[in-house]
Amino acid sequence: MKPTQIFAGGVAGVLGAVIWAAIAYYANVEIGYIALGIGFLVGVAVAATGKNSATAGVLAVVITCVSICAGKYASIELSIQKAANDFAASTDVISDEDLISGLADKIAEDREDAGEEIAWPEVNDDSEVELPLSTYYPKDLWAEASEKFAGMSAEEKQVLKDERNKMMEEIKQAFGQALGNNVRQEAFLASFGFLDILFFGLGAYTAWGIASRDED
């Protein structure tokens, strides 16, 4: 086995991983046939740069398997990073409505501590339209919070905004921790269904067949 085979196979494997990750991420679907393409690409790269042999076949199989796994993991990482960025973007700007919502939460907490039962409205969260925050609160509770906010000075509103910013930073940190290695590993393992394993094997077999065909 020549160093050129390792290099060529590695380059083909990296290209295959990039293709897999890009399609899985942007199309939001994993296509098993791509595993066959990766196996073919790696097998041809290894076979074209040195002698075909069982050793070359094993090399092609290993590179193919690593490439497919790397592509799967990369697509998961891209999805996680997008989710984290979207969440961060959605919490960067704090509006007056957000501040009123915070006041409404505090008023609701005080009422419940006093033994009052609050009739929360039923809201259809399946709607694709973003609903006003007031939709999620009883009208009298939201009105009380709005009136309290309107009566606050600019300094008091700034203090309230600073407190809200601090809370959102804590939520962002907790969200980032939730998207830690365990989530990545679980998502990676969950990405291997029956068909995934089948095409995984076919991809490896294709690489083996091309790189070791002289001995076969």
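I began with surface charge in this predicted model. Asp 105, Glu 109, Glu 112 and Asp 113 form a negatively charged patch on the surface.

I then looked up where Asp 105 sits. Its place is in helix α4, which covers residues 96-113.

Next I went through the chain as a whole. I counted eight helices and zero strands. Read from the N terminus, the order of elements is α-α-α-α-α-α-α-α. The chain has 216 residues, and 33% of them count as buried.

Among contacts with a separation of 6 or more, 79% are between residues 24 or more positions apart.

My last entry concerns Ile 31. I located Ile 31 in the loop between α1 (3-26) and α2 (33-48). Ile 31 has a relative accessible area of 36%, so I recorded it as partly exposed. Which residues does Ile 31 contact, leaving aside its neighbours within four places in sequence? I found Trp 20 and Ile 23. I also looked up Asp 196, which lies 165 residues from Ile 31 along the chain. The C-alpha atoms of Ile 31 and Asp 196 are 8.6 Å apart.

Definitions and conventions:
Residues numbered from 1 in each chain as written. Predicted model: local features only at pLDDT ≥ 70, side-chain atom pairs only at ≥ 80, totals over all residues. Heavy atoms only, no water. Patch = residues over 30% accessible without salt bridge, like charges linked within 9 Å, V, L, I, M, F, W, Y side chains within 5 Å. Areas by Shrake-Rupley, 256 points an atom, 1.4 Å probe, with all protein chains shown as cover. Salt bridge = Lys/Arg side-chain N within 4 Å of Asp/Glu carboxyl O. Lys, Arg positive; Asp, Glu negative; His and termini not counted. Charge placed at Lys NZ, Arg CZ, Asp CG, Glu CD. Helix = DSSP H or I, 4+ residues; strand = E, 2+ residues; numbered from the N terminus. Buried < 20%, exposed > 50% of the residue type's maximum accessible area, 1.4 Å probe, protein only. Contact = heavy atoms within 4.5 Å.
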